[in-house]
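Reader: Please take me through this structure in questions and answers, keeping to what can be computed from the atoms.

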Amino acid sequence: MLHFTKPLARFSSLSIFLVSLFQALAPASAAAQNLPPTVVGALRVAHIPTQNVGVLVQEADSSNRTLVSANPTQSFNPASVMKLVTTDAALELLGPTYVWKTRAYTDGILNEGVLTGDLIIKGGGDPKLVLENFWLFLRQLRARGIKDIRGNLVLDRSFFAETVYDPSQFDGDPQKPYNVGPNALLLNYKTITLRFVPDEAKGSVITTMDPPMAGFSLNAPRLSREECGDWRGKLQANVDANGVAFGGAYPAACGIQTWYLHPYRMDSTQYLSAMFRQMWIDLGGSFNGRVVQGVVAPNAQLVAEWQSPAVPEVIRDINKFSNNVMARQVLLTIAAEMTGQPGDTANGARTIRSWLADKGIDANSLVIENGAGLSRVERLTPMLLGRLLAQAFRSPVMPEFISSMPLVGFDGTMRKRLKMESVAGQAHIKTGSLNDVRSIAGYVQAASGKYYAVVFLINHPAAAAGQKAQDALLQWVYENG
């Protein structure tokens, strides 16, 4: 330790330098004392105080030996690493063989291809009822001999509770696909895909859309010679229940581009109706009735069933690509299956807290709004998440859980990070990001062969600059664990 006997005003230049060096090297707070020097340095460069980070690194085996800890019992917004709580709960509560079922019923008489009565589709909350799967489901109906539907199409969404959902509530941008709400009969994530191909020779833009939708118009934008820039903003798209129109132009300099949109001005019934009508016609069928909401009639006959991929495949999509709407679907499915009531967020949250309590994990700090992390109010502690990861490592479904997370340097949301470092390929890490939030959590297999559960949460206005500190921790654990 340095000892000074002269007043500060009389310090030599060397003394002042030594004081400054001491202060720079000293931990910013007691909470940071266990953080590796590379992490502390990266946080300083990012101007993120250590009281704004929560870190826990512990051995994943039964010893639970802690390697690194900072503010482990402090509550943080986890952003998308909240999905680890939801998906681990799904694996254990629903089971690794659980599948979501979408069923079709007839309420009427089928004779020589003509259904005199209603066709009913009952949703089971399938998170992955995408365009091609829905087409195969309708193919089953055609194979059962149904061609001409002379009644209504009834949509039964009673597996989930009815709620009012505002897609603009989170960030005021309801067109973003991540702002799609949950739905027991969620079709193709309720999005549309627009593709733009400039044809400079003809001075036009070839514009196509998926899924195909009857009665939904698509008018191509003009072609411009502007620089590409904010091409989405330049298009001035107007999307409503009737179609897509553009008030602006598409720059030829942008080349071929794809735009994923949530047509929020179409309700879910209008969206499914337009898609069903077009696909049914394409399959050689006819239908002129209405599309209405309802429930399966008591005497209706089951005629077709579509089964989703099992839970492990669904949670890989959720965790590797941070799919928010799928995570919402899973939370409500947990609620519906575990309570026997229409799935809602409150029951889903209570079910998960009870599940954690049964595992001996204190869930008092856990706040679940949607189970996806797309929230300003969701909260958990590094200790809670670290203990969940450690217990999941010893679970029979551990391989499915770990493989659902991005492999560092190779795929998912971690594919571009740490590619040239030795930890690449040695860690499965879920990421999360919101304004003022950056988070990582998952597993590192150190060079020693030991596995470590790692949690690093940052809540601070400069959180985006904290990624280097998080990457530094992953590399340090690999080298020193």
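**Contacts, helices and pairs**

Reader: What pLDDT do local features need?
Author: Residues are numbered from 1 along each chain as its sequence is written, and side-chain values use heavy atoms, with hydrogens and water left out. The model is predicted: totals for chains, interfaces and linings use all residues, side-chain atom pairs count only at pLDDT 80 or more, and local features need pLDDT of at least 70.

Reader: Is N370 buried or exposed?
Author: N370 sits in the loop between α9 (345-358) and α10 (382-393); helices (H or I, at least four residues) and strands (E, at least two) are DSSP runs, numbered from the N terminus. Leaving aside residues up to four places away in sequence, N370 touches A327, R328, L331, T345, S375 and E378, where contact means heavy atoms within 4.5 Å. Buried means under 20% relative accessible area, exposed over 50% and partly exposed in between (1.4 Å probe, protein chains only). N370 has 5% relative accessibility and so counts as buried.

Reader: Which residue just after α8 takes a positive phi?
Author: At the start of α8, a side-chain oxygen of N323 comes within 3.3 Å of the backbone nitrogen of V325. Of the 16 residues of α8, 13 are buried. Just after the helix, a positive phi of about 75° is taken by G340.

Reader: Why is helix α7 described as largely enclosed, and what is among the elements that cover its buried residues?
Author: In α7 (residues 311-321), 8 of the 11 residues are buried, so the rest of the structure largely encloses this helix. Those residues are V311, P312, V314, I315, D317, I318, N319 and K320. S322, which follows α7, has a positive phi near 55°. The cover over the buried residues of α7 includes α3 (82-94), α8, α11 (398-403) and β18 (427-434).

Reader: Which cysteine does the disulfide join to C228?
Author: The structure holds 1 disulfide, defined as a pair of cysteine sulfur atoms within 2.5 Å. It links C228, in the loop between β10 (222-224) and α5 (231-235), to a residue 26 places away, in the loop between β13 (249-251) and β14 (257-261). The torsion about the S-S bond is about 110°, so the disulfide is right-handed. With S to S at 2.0 Å, the partner of C228 is C254.

Reader: What is the bridge partner of D240 in β12?
Author: An open sheet of 3 strands runs in the order β9-β12-β11 with mixed pairing; two strands pair if DSSP finds at least two bridges between them. β9 (217-218) and β11 (237-240) are the edge strands. β11 and β12 (residues 243-246) run antiparallel and are joined by 4 bridges. The partner of D240 is G243.

Reader: Which residues form one aromatic cluster with F196 and W231?
Author: Rings of Phe, Tyr and Trp (its six-membered ring) pair if their centres lie within 6.5 Å; planes under 30 degrees apart count as stacked, over 60 as edge-to-face and the rest as tilted. F196 and W231 are edge-to-face, at 5.9 Å centre to centre and 70° between the planes. F196 lies in strand β7 (residues 192-199) and W231 in helix α5, so their pair ties together parts 35 residues apart in sequence. The cluster of F196 and W231 also holds F246, Y250 and W259.

Reader: What percentage of the residues of the chain count as buried?
Author: The chain has 12 helices and 20 strands, and its C-alpha trace spans about 100 × 60 × 35 Å along the principal axes. Of its 481 residues, the part that counts as buried is 53%.

Conventions. A polar contact is a pair of N or O atoms within 3.5 Å; within protein, one must be able to donate a hydrogen and the other to accept it, and residues adjacent in sequence count only if both atoms are side-chain atoms.
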